[in-house]
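Work through the exercises below with the sequence and the model open beside you. Try each task before reading its solution.

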Amino acid sequence: MFEAMLSAASGLMGQQRRIDTIADNLANVNTAAFNSSRLNFQDLLYVEGHYPYRETAQNQQKGHGVLTASISRNFAVGSLSETERELDFAIEGEGFFMAMATEGDICFTRQGNFYLSEVGDEWYVVDSRGHFILDDDESPIILPAEASGLNVNAAGEINFYGPDGFMAPGGLIGIRSFVNPEGLKVRGLSYYEPTVASGEAQSTNRYKLRQGVLEMSNVDLATEMTRMIRTQRAFSLASRALTTADDMEGIANNMKR
């Protein structure tokens, strides 16, 4: 009976984590380029119960509940929304923008809502949190002093222009891909960092860059609500199993008196 309580408790903890994951998806349904996540489970150790009056073939297998194995990310491209804003970008295909984190290292994101920030006498392209956006040489993108705007084509090539039109080319917006994107470590605030599982960042041309467009969240509301209902029912069943095991334990204790 105590093992039944442990199994039910593991089910409660697992379903609670699943609810938290679904809630995170639902809370970010309107976050640009948010990638939905899913909690994966695995069985805990199974043991064989031996009884002296039964043959070995009739012994019962006993499980010890469930364990949360991993949280996987869905990196499918979300729907694209036209904004007609010069500094909004969306990646059609694989790849991530590079941003210089506060600590000085490079993190990766698919959020393409950029801005201009004045540092000293120069204007830098930054993301919504003020981190420098990097070009293909992993250097911050800086607008020339006379530039009034920029244009980026599908290949990521930057062209600056001023009051009189075209001024000068500005290199490439840095886009990197990974052999196994699901192996990336979530850094928070839609940033990711590479791990051994994801492999090192590498250059790619398997994308099309869209200017004046934002990638929206790939959260499917219908799917998430269905998962929420199933998870709540599973949580309720695990709670009932725990209550039943506790009642049985109480009956057994009272029998000894």
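**Exercise 1.** Find the residue in β16 that is the bridge partner of phenylalanine 97, then describe the strands that pair with β7.

*Solution.* 
Step 1. The model is a predicted one, in which local features need pLDDT of at least 70 and side-chain atom pairs count only at pLDDT 80 or more, while totals for chains, interfaces and linings use all residues. Residues are numbered from 1 along each chain as its sequence is written, and side-chain values use heavy atoms, with hydrogens and water left out.

Step 2. Helices (H or I, at least four residues) and strands (E, at least two) are DSSP runs, numbered from the N terminus. Two strands pair if DSSP finds at least two bridges between them.

Step 3. Phenylalanine 97 has isoleucine 175 as its bridge partner in β16. Strand β16 covers residues 175-177 and runs antiparallel to β7, with 2 bridges joining them.

Step 4. Phenylalanine 97 also has a bridge partner in β8, namely threonine 109. Between β7 and β8 (residues 106-109) there are 4 bridges, and the two strands run antiparallel. These strands form a hairpin with 5 residues between them, and glycine 104 in the turn has a positive phi of about 100°.

Step 5. Strand β11 (residues 132-133) is joined to β7 by 2 bridges, again antiparallel. Here methionine 100 is the residue whose bridge partner in β11 is phenylalanine 132.

Step 6. Buried means under 20% relative accessible area, exposed over 50%, and partly exposed in between (1.4 Å probe, protein chains only).

**Exercise 2.** Which residue in β10 is the bridge partner of tyrosine 115? Follow the pairing onward from there.

*Solution.* 
Step 1. The partner of tyrosine 115 is valine 126. Their strands, β9 (residues 115-119) and β10 (residues 122-126), run antiparallel and are joined by 5 bridges.

Step 2. The hairpin of β9 and β10 has 2 residues between the strands, and glycine 120 takes a positive phi near 70° there.

Step 3. Strand β10 also pairs with β12 (residues 142-143), in the antiparallel sense, over 2 bridges. In this pair, tryptophan 123 has leucine 143 as its partner in β12.

**Exercise 3.** Which residues line the largest cavity? Take threonine 21 and asparagine 25 as examples from helix α1.

*Solution.* 
Step 1. On a 1 Å grid over the protein atoms alone, a cavity is a set of points where a 1.4 Å probe fits but cannot get out, and a pocket is an open set with protein on both sides within 12 Å along at least five of seven lines; lining residues have an atom within 4 Å of a point. Grid points are joined across faces, edges and corners, and a volume is the space filled by probe spheres set on the points.

Step 2. The whole structure has 3 cavities of 30 Å³ or more. The largest cavity has a volume of about 50 Å³, and its lining consists of Arg18, Thr21, Ile22, Ser37, Arg38, Leu39 and Arg227. Two or more of these lining residues come from each of α1 (2-27) and β1 (37-43).

Step 3. Threonine 21 lies in α1 and is buried, with a relative accessible area of 9%. Apart from neighbours within four places in sequence, threonine 21 is in contact (heavy atoms within 4.5 Å) with Ser37, Arg38, Leu39 and Ile71.

Step 4. Asparagine 25 is also placed in α1, and counts as buried at 0% relative accessibility. Leaving out residues up to four places away in sequence, asparagine 25 touches Phe34, Ser36, Ser37, Val219 and Glu224.
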